[in-house]
Amino acid sequence: MYDAIIVGAGPGGATAAAVMARRGLKPLLIDRDNFPRDKVCGDALSGKTVDVMKRLGMIEALQAVSQLDSWGVTFSGPSGDEVAIPFTKALDKPIAPGFVCDRITFDNLVFQQAVESGAEIWTEATVTGLLREGEKVVGVRVKRNGAEEEVRAPITVGADGAYSVVVRELGMDQLHEDHYCAGLRWYWEGVTGFHELNHIEIHFVDESSPGYFWIFPMADGKANVGLGMLSSMVKKRDIKLKPLLERLVEHPRFKDRFADAKPIDKIRGWGLPLGSRPRRMSGDGWMLLGDAASLIDPFTGEGIGNAMVSAEKVAEWTEKAKEVHDFSGQFLGGYDRDVMGYLGNELKISTGMQRLGRWKWLLNKVIQKASRSEELADAISIMFDDESERKKLVSPMFYLRVLTA
Ligand SMILES: Cc1cc2nc3c(=O)[nH]c(=O)nc-3n(C[C@H](O)[C@H](O)[C@H](O)COP(=O)(O)OP(=O)(O)OC[C@H]3O[C@@H](n4cnc5c(N)ncnc54)[C@H](O)[C@@H]3O)c2cc1C
């Protein structure tokens with residue numbers, strides 16, 4: 001009856017359902033929650049997310065909801081030097097290169113695209129397991145309206161996020177501490193001192209090293225404040241993240257900006273499966289996308305764009321598999337190669353940058369030099385836009401030039 005069952009209606013799952021339905025396929029989208037619903041996040045939408053939204057005709061919907069356009073990023077290093085990097089030089093673009101939009105609003109917006117596309121959707125329905133015929137996945141078990149039922153399709157898509165039931169049922173290792181980040185989000189109101197072009201802010205502070213502390217401006221005078229750190233570091237150094245985040249807002253570098261502000265939510269945490277070790281993403285009768293596929297950018301912590309890009313590819317491969325009536329792991333392996341062909345390089349570069357970030361002296365030097373050299377700040381700005389330029393960021397020659405300039 002269905003061409004695919006998509007487990008999870010976050011930005012990844014909802015995008016996959018919308019694209020499939022628009023192409024005339026019959027997807028069933030299942031989520032345990034009802035929408036709108038919250039998701040712990042930094043709420044920053046990168047250029048990649050904006051590009052997917054333009055491609056899928058969703059950008060007008062984003063512009064119509066409460067969000068803030070963001071035109072750059074400000075980094076500060078452990079020594080306190082700061083550099084503001086614009087995402088683009090063209091400040092007259094009709095659509096901003098980035099946005100900050102809370103996930104209650106954003107995820108509902110993408111979810112509504114799936115609704116409007118005509119996809120069948122079950123909410124308040126929890127997938128509890130996979131149905132199998134031998135090695136092949138042939139559907140899912142779902143709990144809804146107090147009863148458990150079975151539903152079948154030639155393809156099951158795991159889009160159920162960082163704690164994926166599909167991944168668990170496939171017997172894969174979900175939490176690898178060197179490739180997994182712990183993240184905290186804290187909503188505030190009244191934080192001051194933001195850049196006039198709504199830059200998101202990433203701060204490398206001694207106390208939170210080798211992770212980072214962020215302050216992102218939001219619509220209506222709110223701010224998303226948070227902290228992310230590699231789980232292996234949290235464990236090794238026995239770091240208590242919540243008290244650390246509470247201390248960071250009182251840090252001498254930031255406390256004045258929080259002087260008249262107040263928290264409007266409690267601190268909430270969630271995991272980030274990083275793309276420094278992407279997992280196998282397909283097999284007999286199944287594909288994974290987004291966080292379930294461990295595709296979060298290891299340096300920036302962004303995962304929405306990669307979830308949506310992998311969702312577009314899941315829809316393409318579902319269509320291809322239906323055309324040739326081949327749902328085998330061998331055929332669907334083309335999806336893995338397709339996703340890695342698109343994201344692999346970028347994930348490698350970001351993995352390299354995440355490792356460089358552990359070298360405090362280097363981070364200090366680069367941020368210090370960039371804060372004093374317009375030319376270097378410009379070069380980094382171009383790197384945001386251009387992947388071939390970004391490769392330089394992990395080249396030793398780049399740092400040698402910066403250090404000797
Ligand atoms: C603290 C933090 C900060 C972050 N900051 C950013 C940022 O600023 N920008 C950015 O781009 N990314 C950020 N990310 C990453 C981003 O949140 C994820 O990459 C993104 O949400 C992935 O989307 P997804 O659709 O794969 O999964 P999710 O958004 O997690 O959606 C999964 C869906 O599956 C549903 N589900 C789960 N289990 C079941 C089940 N058994 N049955 C049915 N439904 C189920 C859930 O209800 C949910 O709706 C951050 C993450 C964290 C934790």
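Domain bounds, as used here, come from an automatic or database domain assignment. That assignment divides the protein into domain 1 (4-66 + 101-176 + 274-353), domain 2 (178-272) and domain 3 (356-404). The model is predicted: local features need pLDDT of at least 70 and side-chain atom pairs count only at pLDDT 80 or more, while totals for chains, interfaces and linings use all residues. Residues are numbered from 1 along each chain as its sequence is written, and side-chain values use heavy atoms, with hydrogens and water left out.

**Domains and their contacts**

- The C-alpha centres of domain 1 and domain 2 are 28 Å apart.
- Contact means heavy atoms within 4.5 Å. By that rule, 23 residues of domain 1 are in contact with 21 residues of domain 2.

**Nonpolar cores**

- A residue is buried under 20% relative accessible area, exposed over 50%, and partly exposed in between (1.4 Å probe, protein chains only).
- A nonpolar core is a set of buried Ala, Val, Leu, Ile, Met, Phe, Trp, Tyr and Cys residues joined through side-chain atoms within 4.5 Å.
- The largest nonpolar core has 76 residues, and the members that touch the most others are Ile 30, Leu 62, Phe 106 and Val 140.
- Helix H8 (residues 304-324) gives the most to this core, contributing 8 residues. Helices (H or I, at least four residues) and strands (E, at least two) are DSSP runs, numbered from the N terminus.
- Which residues does Ile 30 touch, not counting residues up to four places away in sequence? They are Ile 5, Ile 6, Val 7, Gly 8, Ala 9, Trp 122, Ala 125, Val 127, Val 140 and Val 142.

**Helix H2 and its surroundings**

- Helix H2 (residues 47-55) has Lys 48, Thr 49, Val 50, Val 52 and Met 53 buried.
- The buried residues of H2 pack against strand E3 (44-45), helix H3 (59-64), strand E7 (98-100), helix H4 (103-117), H8 and H9.
- Just after H2, Gly 57 adopts a positive phi of about 70°.
- Glu 312 belongs to helix H8 and counts as buried because its relative accessibility is 12%. With residues up to four places away in sequence not counted, Glu 312 touches Val 52, Arg 55 and Leu 56.
- Ser 350 is placed in helix H9 (residues 329-356). Ser 350 counts as buried because its relative accessibility is 7%.
- Beyond its neighbours within four places in sequence, Ser 350 is in contact with Asp 297, Pro 298 and Phe 299.

**The cavity**

- On a 1 Å grid over the protein atoms alone, a cavity is a set of points where a 1.4 Å probe fits but cannot get out, and lining residues have an atom within 4 Å of a point.
- Grid points are joined across faces, edges and corners, and a volume is the space filled by probe spheres set on the points.
- How many cavities of 30 Å³ or more are there by this rule? The count is 1.
- The largest cavity has a volume of about 40 Å³. Its lining consists of Pro 78, Phe 204, Val 205, Ser 209, Pro 210, Gly 211, Gly 357, Lys 360 and Leu 363.
- Ala, Val, Leu, Ile, Met, Phe, Trp, Tyr, Cys and Pro count as nonpolar, Asp, Glu, Lys and Arg as charged, and the others, Gly among them, as polar. The lining accordingly divides into 5 nonpolar, 3 polar and 1 charged.
- Domain 2 (178-272) and domain 3 (356-404) each supply at least three residues to the lining of the largest cavity.

**Loop residues**

- Phe 194 sits in the loop between strand E13 (180-189) and strand E14 (200-203). Is Phe 194 exposed, partly exposed or buried? Phe 194 is partly exposed, because its relative accessible area is 23%.
- Phe 194 and Phe 216 are 22 residues apart along the chain, and their C-alpha atoms are separated by 8.6 Å.
- The peptide bond from Phe 35 to Pro 36 is cis, with omega near 0°. Pro 36 is in the loop between strand E2 (27-30) and E3.
- Although not a glycine, His 325 has a positive phi of about 50°. His 325 is found in the loop between H8 and H9, and it is exposed, with a relative accessible area of 63%.

Notes. On a 1 Å grid over the protein atoms alone, a cavity is a set of points where a 1.4 Å probe fits but cannot get out, and a pocket is an open set with protein on both sides within 12 Å along at least five of seven lines; lining residues have an atom within 4 Å of a point.
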